Amino acid sequence: MNHLKQIVVQKVSHDDHEVIISLLKEIAQWLKDHKINQWSYLLVGGDDEEIIYAIQHDHTYKVLKDDTLIATFTLSPEQSEWDQHIFGKDAFSDSMYLHRLAVVPEYMNQGIGKEILHWIQENMGKEKKYIKLDCVADNVKLNRFYQDNGFEYLGETDNHSKYRKVLVRRA
């Protein structure tokens, strides 16, 4: 468990998969309602199995503020099929892959996403050299968010922007 200015980050327990899937679907519905092209496949059960797999393998985290679940993210030390499709085969196995970074709408635009990225930067450098992620290429606000937080744009594959950032090296 790690404390930042406003938040607590914890690994999700194996019993919490329904809570995390529900949270992601609520956020996906909010995005759809606001005409943001992101995660509509989650609304019909897309990725449910992958979400459960990530939780069972201790790759998914929950973010709490005053004991309230306000965000979640998955940080995998191994490539998924999707990661290989987007980035190509990680021959050096030197990257963590960030997926489904999601903040509850009431907590958006309060710096929570930035704090989560800071937590990852500070806590994952001893495991891998890079953090990589992708996002829908036409989601201008989300692309700007990652660029503003120091991620290097690596190009585009299959209408998804690719980003990478060097993690702080820890002994």
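Buried means under 20% relative accessible area, exposed means over 50%, and partly exposed lies in between (1.4 Å probe, protein chains only). The model shown is predicted: local features need pLDDT of at least 70, side-chain atom pairs count only at pLDDT 80 or more, and totals for chains, interfaces and linings use all residues. Residues are numbered from 1 along each chain as its sequence is written, and side-chain values use heavy atoms, with hydrogens and water left out.

**Figure 1. Aspartate 47 and its salt-bridge partners.** Aspartate 47 is partly exposed, with a relative accessible area of 24%, whereas arginine 100 is buried at 7%. Their side chains meet in a salt bridge (3.5 Å, N to O); the term denotes a side-chain nitrogen of Lys or Arg within 4 Å of a carboxyl oxygen of Asp or Glu. Aspartate 47 lies in the loop between α1 and α2 and arginine 100 in strand β5, so the pair ties together parts that are 53 residues apart in sequence. Helices (H or I, at least four residues) and strands (E, at least two) are DSSP runs, numbered from the N terminus. A network of salt bridges links Asp47, Glu50 and Arg100.

**Figure 2. Two further salt bridges.** Side chains of opposite charge can pair when their charged atoms come close. The count of salt bridges comes to five. In one of them, aspartate 16 meets lysine 62 (3.4 Å, N to O). Aspartate 16 belongs to the loop between β2 (8-11) and α1 (17-33), and lysine 62 to strand β3, 46 residues apart. Both partners are buried, aspartate 16 at 18% relative accessibility and lysine 62 at 19%. Another salt bridge joins the side chains of aspartate 48 and lysine 25 (3.5 Å, N to O). This pair links helix α2 (residues 48-56), which holds aspartate 48, with helix α1, which holds lysine 25, 23 residues apart.

**Figure 3. Strand β3 and its neighbours.** Six of the six residues of β3 are buried, so this strand is largely enclosed by the rest of the structure. Thr60, Lys62 and Leu64 are on one side, and Tyr61, Val63 and Lys65 are on the other. Strand β3 pairs in the antiparallel sense with β2 over four bridges and with β4 over six bridges; two strands pair if DSSP finds at least two bridges between them. Valine 9 stands opposite valine 63 in β3, and lysine 62 stands opposite threonine 72 in β4. The hairpin of β3 and β4 has two residues between the strands, and aspartate 66 takes a positive phi near 50° there.

**Figure 4. Threonine 74 in strand β4.** Threonine 74 is found in strand β4 (residues 68-76) and is buried, with a relative accessible area of 5%. Its side chain makes a polar contact with the side chain of threonine 60 (2.9 Å). A polar contact is a pair of N or O atoms within 3.5 Å; within protein, one must be able to donate a hydrogen and the other to accept it, and residues adjacent in sequence count only if both atoms are side-chain atoms.

**Figure 5. The nonpolar cores.** A nonpolar core is a set of buried Ala, Val, Leu, Ile, Met, Phe, Trp, Tyr and Cys residues joined through side-chain atoms within 4.5 Å. The largest has 25 residues, and those with the most contacts inside it are Phe73, Leu75, Leu98, Ile116, Ile120 and Tyr146. Helix α4 gives the largest share of this core, five residues.
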